[in-house]
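Please read the following report alongside the sequence and the coordinates. It takes up the sheet, one surface patch and the salt bridges in turn.

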Amino acid sequence: KHKINVSKSILMLLIGAGIVITPLASIIGSTLAQEKNSKVYLLYGCRNEESIILKSKIEKFKMDYLDRFDYAIVYSQPNTSSTSIVGRLNKELISKKIQEFVITNLSSSLFFICGLIGMMEQAFLSLNALAIPSTNVRKESFYSLPSDNTSEKSIKTNEGAVEVSIKYNKQVYKVAVAPGQTILEAALDQD
């Protein structure tokens, strides 16, 4: 957990993909607003331009903190052939973006990694290759281990989809998630 220190001057890089932008945006906003000498960089992966979550908030951070915030978005399946960064957040791409951000004094910088296990493993490999001390890396995993409790196992529907429960605004919604579909996509489709 990052504790805000108004007199502190740190350099922070946050790495995440998909829905994990929500906790990262909170960290970014708090740090920029309260630590006036700190700089924050965001490396964010998503499927395509339409799947960017909190895009206006990210752009507002850039406008409000032009000299203290920068970001890069990596698209795994972009809709256009623009000058977007295409790929997945892997060891090579993460290392390249850290160098492009021109982050100096990496050994004293703070790193936050948030997301699915595969992306997080790649981020750890990248940071390890750059000799980042593990004490400077914070993580939040978005996965769970299989449960032996049969009452918690997923319910298969007729179409091969899995029914999941989503708790939002104190209400529980049942959503059928098809194979190859994310929970977010399924929820948006049923909205």
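The sections below begin with the basis of the model and then turn to its features.

## Basis

This is a predicted model, in which local features need pLDDT of at least 70 and side-chain atom pairs count only at pLDDT 80 or more, while totals for chains, interfaces and linings use all residues. Residues are numbered from 1 along each chain as its sequence is written, and side-chain values use heavy atoms, with hydrogens and water left out.

Six strands make up an open sheet with parallel pairing, in the order 4-3-2-1-5-6; helices (H or I, at least four residues) and strands (E, at least two) are DSSP runs numbered from the N terminus, and two strands pair if DSSP finds at least two bridges between them. Strand 4 (85-86) and strand 6 (137-141) stand at the edges with a single partner strand each, so one side of each is left without a neighbour in the sheet.

Strand 5 (residues 110-115) pairs with strand 6 in the parallel sense over five bridges, and Cys114 has Glu140 in strand 6 as its bridge partner. Helix 2 (residues 55-64) packs on the sheet, where it touches strand 2 (39-46) and strand 3 (69-75), and its direction makes about 150° with that of strand 3; contact means heavy atoms within 4.5 Å, and axes are lines fitted to C-alpha atoms, for helices over the stretch in contact, with angles from 0 to 180 degrees between N-to-C directions.

## Salt bridges

Side chains of opposite charge can pair when their charged atoms come close. With a salt bridge taken as a side-chain nitrogen of Lys or Arg within 4 Å of a carboxyl oxygen of Asp or Glu, the count comes to four. In helix 2, Asp64 and Lys60 are four residues apart and therefore separated by about one helical turn, and their side chains meet in a salt bridge (2.6 Å, N to O). Asp64 is partly exposed, with a relative accessible area of 43% (buried means under 20%, exposed over 50%, partly exposed in between; 1.4 Å probe, protein chains only). Lys62 and Asp70 form a salt bridge at 3.4 Å, N to O.

Glu100 and Lys97, three residues apart in helix 3 (residues 91-100), meet in a salt bridge at 2.4 Å, N to O. Glu100 is partly exposed at 43% relative accessible area, whereas Lys97 is buried at 10%. Salt bridges that share partners join Lys96, Lys97 and Glu100 into one network.
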